[in-house]
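Please have the sequence and the model open as I speak.

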Amino acid sequence: MLTQVLPAQFQQWLASHAANGVKPVVLDVREPWEVTLASIQPGEGFELRCIPMHDIPGRLQELDPDHPVACLCHHGARSMSVAAFLLNNGFEDVSNITGGIDAWSLSADPGVPRY
């Protein structure tokens, strides 16, 4: 199932997965230069993985389909495409972080620079 998660709801999304005993993954699918400009900070309760969108098919084995995944990009389009790709490749619990890192900067962590 593909769900949309607003950055302001991210902590609630994490809490909803905490009972499963499986650490969710935030999959940042932006290019390395974008991650250098602005990135969320790895936190308790989730693992941050940075794999550019075009590298996902060749690196799919690095992701565990049994872990919930929330995909992140700049505005939400690339991450939505990757989320759909993951669903089509055996992942069941996939979310898209609506509005991407830009919305994250505006509503979840103003310390994250906008670009």
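I begin with a definition: two rings of Phe, Tyr or Trp, the six-membered ring being taken for Trp, form a pair if their centres lie within 6.5 Å. The model before you is a predicted one. By that rule, the structure holds 4 aromatic pairs. In general, such a pair is described by how far apart the ring centres are and by the angle between the planes. One of the pairs joins Phe10 and Phe46, whose ring centres are 5.3 Å apart. Their planes stand at 90 degrees, so this pair is edge-to-face.

Where in the chain do Phe10 and Phe46 lie? Phe10 belongs to helix H1, residues 10-18, whereas Phe46 sits in the loop between helix H2 (32-37) and strand S3 (47-50). The pair therefore ties together parts that are 36 residues apart in sequence. Both residues are shielded: Phe10 has a relative accessibility of 2% and counts as buried, and Phe46 is buried as well, at 6%. Ring pairs also link these two residues with Trp13 and Trp104 into a cluster.

I turn now to the sheet. In what order do the strands of the sheet stand? The 5 strands follow the order S1-S5-S4-S2-S3, forming an open sheet with parallel pairing. On average, and with direction ignored, neighbouring strands are turned by 25 degrees against each other.

Let us follow S4, residues 69-72, and its partners. With strand S2, residues 25-28, S4 pairs in the parallel sense over 4 bridges. Across this pairing, Val25 stands opposite Val69, and Val26 stands opposite Ala70. S4 is also joined to S5 by 3 bridges, again in parallel. There, Val69 stands opposite Val94 of S5.

In a regular strand, side chains alternate between the two faces of the sheet. In S4, Val69 and Cys71 point one way, while Ala70 and Leu72 point the other way. All four of these residues are buried.

Next, the helix between S4 and S5. Helix H4, residues 77-87, lies across S1, S2, S4 and S5, and runs at about 180 degrees to S5. Together, S4, H4 and S5 make a right-handed β-α-β unit.

Is Thr3 buried or partly exposed? With a relative accessibility of 26%, Thr3 counts as partly exposed. Beyond its neighbours within four places in sequence, Thr3 is in contact with Val94, Ser95 and Asn96. Thr3 and Ser95 are 92 residues apart in sequence, yet their C-alpha atoms are 4.6 Å apart in space.

Finally, the cysteines. A disulfide is a covalent bond between the sulfur atoms of two cysteines. How many disulfides does a search of the whole structure find? The search finds 0. Cys71 is in no disulfide, and the nearest cysteine sulfur to its own, that of Cys73, is 8.9 Å away. Cys73 is likewise in no disulfide. A disulfide would require the two sulfur atoms to be within 2.5 Å. Both cysteines count as buried, Cys71 at 0% relative accessibility and Cys73 at 1%.

Notes. Residues numbered from 1 in each chain as written. Predicted model: local features only at pLDDT ≥ 70, side-chain atom pairs only at ≥ 80, totals over all residues. Heavy atoms only, no water. Buried < 20%, exposed > 50% of the residue type's maximum accessible area, 1.4 Å probe, protein only. Contact = heavy atoms within 4.5 Å. Phe/Tyr/Trp six-rings, centres within 6.5 Å; stacked < 30°, edge-to-face > 60°. Helix = DSSP H or I, 4+ residues; strand = E, 2+ residues; numbered from the N terminus. Pairing = 2+ DSSP bridges. Axes fitted to C-alpha atoms, helices over the stretch in contact; angles between N-to-C directions. Right-handed = clockwise from strand over helix to strand, strands pointing away.
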